[in-house]
Amino acid sequence: IPTGLPTVDTRIHGWQRGELIGLLSYMGVGKTWLLLYFGACAWKSGYKVLFVTPELERHLAEFRIDSLIGGFSNQALVSGDVDSLPLDSYKKYLTMLSQDQHWLTYDAVRDDILSGQGIVGLIGSHRPDLVLVDGLHLIIEAENERLTSWEKIKRVSRLLKIAAVKHQCAIIVVNQANMHDEVIRNRQLAFAKMPSPQDSYYGRAFPHDCDVVITMCNDPDNP
C-alpha cells in the first residue's frame, strides 16, 4: 500500500498488510494531517481506508480529507466561507465521494468506537486495506477496565496488532510523546525536538507492538 512518501516507499515498499505502524510526536506538530495524507494516497490508489478518530468530530475530519483529496481550502470549509469555494466543483466532488465506499470515517461523537474492541469490530465489518487511528491516548483513557494506563495501552495495541494480522490490513496509529520538563518549559522545543519511541505516551508497550514507528517534528532550520 503506497505511503505517498517516495523515500519511504523505496525503503520499506509501502505499508505491508499485517503491520502495526506507530506515528509519534509531541502535540501540535501535525500528526493527524500526516495520517490523513497517508490515507488519501492509499485511497487515490484504489485501496479501502477506514479512518477512526476519537479526537475530531466527523465533519472536521472530513473537511481535512476534502482538502487532501479534493484540493479545497480547509480554512474556508471550517469557517463556512462558501463564497471562496468553487461550489459546483465541491458539489461534484461530494457526489463522487458519497458514491464511493472506499473511505469510511467514524468519530467518537456519533459512533461507539472508543475502545480497542470497538475498532477491531469495525475492521471485521468493513475489511479495509488501511486503518487510520487518530489518538491512541484517548482510546486508552476511555477503556473501562480497572487496569493501569500501561496495562490498557498494552491491551489495545496488542488487539490492533492481532487485528492487522488476522484481517490482513495495515494499521497506522497516532500517539503523543510524553511532555518532558524541558519541553514543557519551552513550547518551541515541542515542535523542533524529535521524540524517540521510548517517549510514547503511557510507556513503551505501544512501540514494542509496532512493526514500524515513525517519529516526527517540525525542524525550523529544515522545513
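This is a predicted model: local features need pLDDT of at least 70, side-chain atom pairs count only at pLDDT 80 or more; totals for chains, interfaces and linings use all residues.

Me: Okay. Which strands does helix α6 lie across?
Reply: Helix α6, residues 116-126, lies across β2, β3, β4 and β5. It runs at about 160° to β2.

Me: What's the strand order in the sheet?
Reply: The order is β3-β2-β4-β5-β1-β6. That is six strands in an open sheet, with parallel pairing.

Me: And which strands stand at the edges?
Reply: β3 (103-107) and β6 (212-215). Each has a single partner strand, so one side of each is left without a neighbour in the sheet.

Me: How much are neighbouring strands turned against each other?
Reply: By 15° on average, direction ignored.

Me: What does helix α3 touch?
Reply: Helix α3, residues 58-70, packs on the sheet and touches β2 and β3. Its direction makes about 150° with that of β3.

Me: Now β1. How many bridges join it to β6?
Reply: Four, and the two strands run parallel. Gly 22 has Val 213 as its bridge partner in β6. Leu 23 stands opposite Ile 214.

Me: And how many bridges with β5?
Reply: Six, again in the parallel sense. Leu 24 stands opposite Asn 175 there.

Me: Are the residues of β1 buried or exposed?
Reply: Six of its six residues are buried. Leu 20, Gly 22 and Leu 24 are on one side, with Ile 21, Leu 23 and Ser 25 on the other.

Me: Last thing. Which element has the lowest mean pLDDT?
Reply: Helix α9, residues 181-185, at 57. β4 has the highest, at 95. The protein chain averages 84.

Methods: Residues are numbered from 1 along each chain as its sequence is written. Side-chain values use heavy atoms; hydrogens and water are left out. Two strands pair if DSSP finds at least two bridges between them. Axes are lines fitted to C-alpha atoms, for helices over the stretch in contact, and angles run from 0 to 180 degrees between N-to-C directions. Contact means heavy atoms within 4.5 Å. pLDDT is the predictor's confidence in each residue, from 0 to 100. Buried means under 20% relative accessible area, exposed over 50%, partly exposed in between (1.4 Å probe, protein chains only).
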